[in-house]
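Please follow this account with the sequence and the three-dimensional view side by side.

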Amino acid sequence: MSEKTVAQAELQRQKNYAEMVHTVLSARISGEPKAFVHTYGCQGNVADSERIKGMLSEMGYTFTESEDEADLILFNTCAIREHAEDRVFGNVGALKSKKKRNPGCVIALCGCMMQQSQVAERIKNSYRFVDLVFGTHVVHKLPEMLYKVLCTGSRVFELPKSDGVIAEGLPVSRDSSFKAWLPIMYGCNNFCSYCIVPYVRGRERSRDPETVVNEARELVKQGYKEITLLGQNVNSYGKDLPNPITFSELLKRINDIEGDFIIRFMTSHPKDCTHELLDTMASCEKAARHLHLPFQSGNNRVLKEMNRRYTREKYLELVEYAKEKMPDISLTSDVIVGFPGETYEEFQDTVSLIREVGFTSLFTFIFSPREGTPAYSMDDPVSAEEKGKWFREMLKVQEEIAGERTAKLVGTTAKVLAEEQDEKGYVSGRTGGNVIIRFKCDNPEKVIGNFVNVKVTNALTWIVEGELINDN
């Protein structure tokens, strides 16, 4: 067993605590105790919350969408941008009145924000109605921590500094019955100068490939139609294992599982994206023709200051190779506008790269300083107002490109996993290229959760509309 892996004896100990919590709750609460769990941030946080809910289920909790009904309120927080943190602090502050009305309600905070010492200290001193705060490395200890809160009435803060661990075999309460998040690794070794993630998530640690493949196989048996492999940088999967394996090899093994399902993955770091991976994507019929490859900036000086460890030329070479191997590939990316010291001329290099690649969509952000990162103390002379102008200019360019790309889909037929029905009666899903498509359907309950063929009939800027060809 790896020293990064939580021992089975410890996991059994937590199961024992879960039973003890169940007993305490049964004695205190008439009926079933209810938990409200709210997740901020990335898909990794969503996957963590599904495991948190799995453990809460074992402790006897059911789930509610109402904070007022809840006996436990838990926020799983995100630290990636200042706006996300401000939102969390505002929502936590609003819980003070709920705690007054229901003193027995346990209020818990976890996730990346809490792993920052200055945030935890602020919660401890200014939000004294919060009962439980725990970091990213001790999620598996939730039963023990909750038991302490319930039985002692004291506040519990569990925030160890750690390179991170892997807890296998935790129960999972999934949000969907046909789409599954499957973490393959945790943490990050890249230390981009603007990013807090390596400091709050720890070093890269890959899950055992047999365990990952077995979990994927079980998901397919249970009827899941879409499996998204998760990691801060999936392209570096397996490098830390005793018997190293590449992400490309893992992707092949999951693709070989029998069944009708689609494989997605995120996120890919360009410095570790290889021709081997792109060849594997092209050869795997279950791999979605979609690659999320964050470039962040189109200027080499800025990329160096970001500590991204690739160049504009390297990125464009990867894109060219991907398009050569998969002409129908859909590319999406992350972009930061207004990195400290970036000039307007350097920003224009980002705009020109966007035009050259022709992305399907972009996740765009104005630089947000994160305390504890090198970029936090960099000179940043450009005003927020000016950065906002650049940002709007970039969005306008991408909007034009997106409209052109969706227009080219008209007349094509896509295999779509039908996901949900909106209030207007449209069923929506995503194409293999990750474009949202909506269509009318007489029997939504029959198609949702299944693959259908949809002919694209109309293009909007960001999504397309279509006509259901069959519902088999």
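**Cavities, contacts and local geometry**

The lining of the largest cavity is made up of seven nonpolar, three polar and four charged residues. The model discussed here is a predicted one. This largest cavity has a volume of about 210 Å³. Of the 14 residues that line the largest cavity, D48, T136, V139, V165 and Y186 are the closest to its centre.

How many cavities of 30 Å³ or more are there? The count comes to two. The second largest cavity has a volume of about 40 Å³, and its lining consists of E226, I262, R264, K415, L417, R430, T431, G432 and F451. Two elements, β11 (262-266) and β15 (413-421), each give two or more residues to this lining. By class, the lining of the second largest cavity divides into three nonpolar, two polar and four charged residues.

A cavity is a space from which the probe cannot get out, whereas a pocket is an open set of points. The second largest pocket holds about 670 Å³ of space. It is lined by 29 residues, and R289, D328, T431, G432 and G433 are the closest to its centre. The lining of the second largest pocket divides into ten nonpolar, ten polar and nine charged residues.

The discussion now turns to the packing of helices. Two packed helices are described by the angle between their axes and by the distance between those axes. Helix α1 (residues 8-28) and helix α6 (residues 142-152) have axes that come within 7 Å and cross at roughly 35°. The crossing in which α1 passes α6 is left-handed. On the side of α1, the residues that take part are E10, R13, Q14, Y17, A18, M20, V21, V24, L25 and R28. They meet L142, P143, E144, L146, Y147, L150 and C151 in α6. Sorted by class, the contact of α1 with α6 has twelve nonpolar, one polar and four charged residues.

Charged side chains may also pair with one another. The structure holds 31 salt bridges. One of the pairs is formed by E50 and R174, whose closest N and O atoms are 3.6 Å apart.

Two details of the backbone complete the account. The peptide bond from M266 to T267 is cis, with omega near 5°. T267 lies in the loop between β11 and α10 (275-283), and β11 is also one of the elements that give two or more residues to the lining of the second largest cavity. The other detail concerns F191, where phi is near 50°, a positive value in a residue other than glycine. F191 is located in the loop between β8 (185-186) and α7 (197-201).

How values were computed:
Residues are numbered from 1 along each chain as its sequence is written. This is a predicted model: local features need pLDDT of at least 70, side-chain atom pairs count only at pLDDT 80 or more; totals for chains, interfaces and linings use all residues. Side-chain values use heavy atoms; hydrogens and water are left out. Axes are lines fitted to C-alpha atoms, for helices over the stretch in contact, and angles run from 0 to 180 degrees between N-to-C directions. Helices (H or I, at least four residues) and strands (E, at least two) are DSSP runs, numbered from the N terminus. A crossing is left-handed if the near helix is turned anticlockwise from the far one by less than a right angle, and right-handed if clockwise. Contact means heavy atoms within 4.5 Å. Ala, Val, Leu, Ile, Met, Phe, Trp, Tyr, Cys and Pro count as nonpolar, Asp, Glu, Lys and Arg as charged, and the others, Gly among them, as polar. On a 1 Å grid over the protein atoms alone, a cavity is a set of points where a 1.4 Å probe fits but cannot get out, and a pocket is an open set with protein on both sides within 12 Å along at least five of seven lines; lining residues have an atom within 4 Å of a point. Grid points are joined across faces, edges and corners, and a volume is the space filled by probe spheres set on the points. A salt bridge is a side-chain nitrogen of Lys or Arg within 4 Å of a carboxyl oxygen of Asp or Glu.
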